Amino acid sequence: MIELSIQAIGLAAPGLPNWNEAAPVLRGEQPLLPTPLTPYAPQLLPPNERRRAQPSVRQAFRVAEEAVAGRDASQLATVFSSSDGDLAILHRICSAFAQNSSVVSPTDFHNSVHNAAAGYWGIGTGSRAPSTTLAGHDQSFAAGLLEAALQVSAQQQPVLLVVFDVPAPEPLLQARIMACAASCALLLAPRTDDTQALATLQLQLSADAETILTDPALEAQRHGNPALRGLPLLRAVARREAGRVVLPCSGHRNLAVNLEF
Amino acid sequence: MKPLRLTGLTATSALGRGLDAHWQALQQGRSGLQQKTFDRCTLPCWIGEVEGLVQPLQGDWAPWDCRNNRLATLALDQDGFRETVATAVARHGADRVAVFVGTSTSGTLSTEHAYRDADPDSGRLPDTYLYRTTHNPHAAAEFVRLQLGLENVAIAVCTACSSSAKVFAAASRALDAGLCDAAVVGGVDSLCLTTLNGFNSLQLISPEICRPADAQRKGISIGEAAGFALLERDAPSGSLALLGYGESSDAYHMSAPDPEGRGAQQAMRDALARAGLTAAAVGYVNLHGTATPANDSSEDQAIVSVFGTETPCSSTKGYTGHTLGAAGILEAVIALLAVQHGFLPAAITTREKDPALRGNILLQPLRREIRAALTNSFGFGGNNASLLLGRAP
């Protein structure tokens, strides 16, 4: 059993543009209107990098910046998790190869690594703290939450979890269907810091089936992007509903999360 | 941390299949790098290619067929590794053995080929192309889990060239928290056009064989590799073990290291602190040592600040090439061979040490009994990991 607390949340998906606006929708007080997200410029990046930032990095920064707003992120360890990283870059590179070119843009190449968003976050915040990036396909949310929780538990320090994915361009989109761009960040901390906590969590691997959402629009969102597989957890936090949710986790086990308030 | 016992260990690279092939090559000073082309890449360069990856995966494994997974299978077949894992399963249960695999490329070559074979009119990718199982980075971990019949988590760590060093840290935390009783850790990275042409675009590919720390070094040679270890709690005194790990970020640049190596220093100091060892207790450092002027200079400063100028160091990239996401596990294996055999490998392709570098770079192998070795792995995005491996106290 791993125990920790959620200190802050960032969320960005169609109709759920940030945590404050998403919470009433998750509580069922407002319907989900899947309004597309407005463009976002990462605030913590230097102007040059901000202008050039690729879509996946913008999607990750959007929620990471929301989750650490008003706090010092310069010592903060991070866990990033994403199924696909940035397939638009892979598309450009592979399209060129298919045309018998061997030219790769140097910027595209260094931005093609799965940990590009984490690297830019380190540059933006100046944090030399450890940073891990995971890939968990559709189970990237729970895989990231588990790794972040293990780090909180091992180090007794806060960890920022950032889960993000953006749809691929065609023709890759046909081979990797994804309905929308979305991301979610949780600022996690040891349970002893829980005076400010939004919720306290206990995690355990489980063979139980994953929790589904009864609202069909939210359930569709949950399937629309790997970052949104965490919606049952976020819904429980928004409703301050103690109890248990089960999230699809990487490999052969799901992740059961007990919430207390 | 308490040392974690390494109950299984294997590696496959351009040096050959299994631990003995690696030990022989290190002893003989034989490089696996060759001047050759790969696929459609005709760059003048040296490549560390693994032989024998031509046979497609068959039957139930056919949907997983890609160069990366073929390489994983080949590596799992060596050194009785599958049997060692089966023994751990018998001891703990399949649901108590987790998988942590590092990869950078995963199956990128599959997508390169799918684009080449796309319908010329519609642009549609071939129906035979399966993204989830043959390209997505998580496939590298899930494939290993399925191959070994394990029923715990399968986590893919993707921090570029530090990926398969970071897996030791992740597995250590999972064991510590009781998430599992044993963990398969490792890495798989395979050749593709993206990395060869991509590093070339950054002007980092050497036209000669890579020469880490050499005054005339001209950059990296790319290789491919896979390797695995099985980690369990309670290392008996004298057994080979993971003694510590350290992780840090550079917070400096996406593809260039901090010139002063501050992030690298932090990772090494973190590993020493976690192991409860002083720098003097470390008998050998296997350097990240890519042979780019920037890496070797930055790492040297970090090494000198942590270990001084006496601790024997070498990069073994001249044997295997830079195996990117597999470099962490491959060089962990080499560091463990150094401890096991009391043999510290030389930087075989290095002719004349760069006089600006102050570390004790081995140009000749050294026979010396040591109890602990450190290995560095640094990746794009400024991602650093150091592992301390050796005999449990």
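Helices, as named in these legends, are DSSP runs of H or I with at least four residues, strands are runs of E with at least two, and both are numbered from the N terminus. The model shown in every view is a predicted one.

**View 1. Chain B as a whole, with the confidence of the prediction.** The predictor assigns the complex an ipTM of 0.98 and a pTM of 0.98, while chain B has a mean pLDDT of 98, with 100% of its residues at 70 or more. Chain B contains twelve helices and 17 strands. Its radius of gyration is 20 Å, close to the 21 Å that the globule rule gives for 393 residues, so chain B is as compact as a globular protein of that length. Along the principal axes, the C-alpha atoms of chain B fill a box of roughly 60 × 50 × 40 Å.

**View 2. The side of chain A that touches chain B.** Across this interface, 54 residues of chain A are in contact with 57 residues of chain B. On the chain A side, the elements that contribute two or more residues are α4 (87-98), α5 (106-111), α6 (116-125), β3 (131-135), α7 (140-155) and α8 (172-175). The greatest contribution comes from α7(A), which supplies seven residues. By residue class, this side of chain A divides into 25 nonpolar, 24 polar and five charged residues.

View 3. The C-alpha atom of A:Thr133 is separated by 9.1 Å from that of A:Ala116, a residue 17 positions away along the chain.

**View 4. A cis peptide bond in chain A.** The bond that runs from A:Glu170 to A:Pro171 is cis, and its omega is near 5°. A:Pro171 is part of the loop that lies between β4 (159-165) and α8 of chain A.

View 5. The pairing of β3(B) with β4(B) is antiparallel and extends over two bridges, with B:Gln34 standing opposite B:Ile47 of β4(B). The loop between β3 (34-35) and β4 (46-48) of chain B holds B:Asp39, which, although not a glycine, has a positive phi of about 50°. B:Asp39 is partly exposed, since 15 other C-beta atoms lie within 10 Å.

**View 6. A buried loop residue of positive phi in chain B.** In the loop between β6 and α7 (163-176) of chain B lies B:Ala160, a residue other than glycine whose phi is positive, near 55°. With 31 C-beta neighbours inside 10 Å, B:Ala160 counts as buried.

**View 7. Helix α6 of chain B and the residue just after it.** Of the eleven residues in helix α6 of chain B (residues 138-148), ten are buried, so this helix is largely enclosed by the rest of the structure. The buried residues of α6(B) include the alanines B:Ala139, B:Ala140 and B:Ala141, and among them are also B:Glu142 and B:Arg145. Just after α6(B) comes B:Gly149, whose phi is positive, at about 65°.

Definitions and conventions: Residues are numbered from 1 along each chain as its sequence is written. Chains are lettered from A and ligands numbered from 1 in the order in which they are written. This is a predicted model: local features need pLDDT of at least 70, side-chain atom pairs count only at pLDDT 80 or more; totals for chains, interfaces and linings use all residues. Two residues are in contact if their C-beta atoms, placed from the backbone, lie within 7 Å. Ala, Val, Leu, Ile, Met, Phe, Trp, Tyr, Cys and Pro count as nonpolar, Asp, Glu, Lys and Arg as charged, and the others, Gly among them, as polar. A residue is buried if 20 or more other C-beta atoms lie within 10 Å of its own, exposed if 12 or fewer, and partly exposed in between; C-beta atoms are placed from the backbone. Two strands pair if DSSP finds at least two bridges between them. pLDDT is the predictor's confidence in each residue, from 0 to 100. The radius of gyration is taken over C-alpha atoms; the globule rule is 2.2 Å times the number of residues to the power 0.38.
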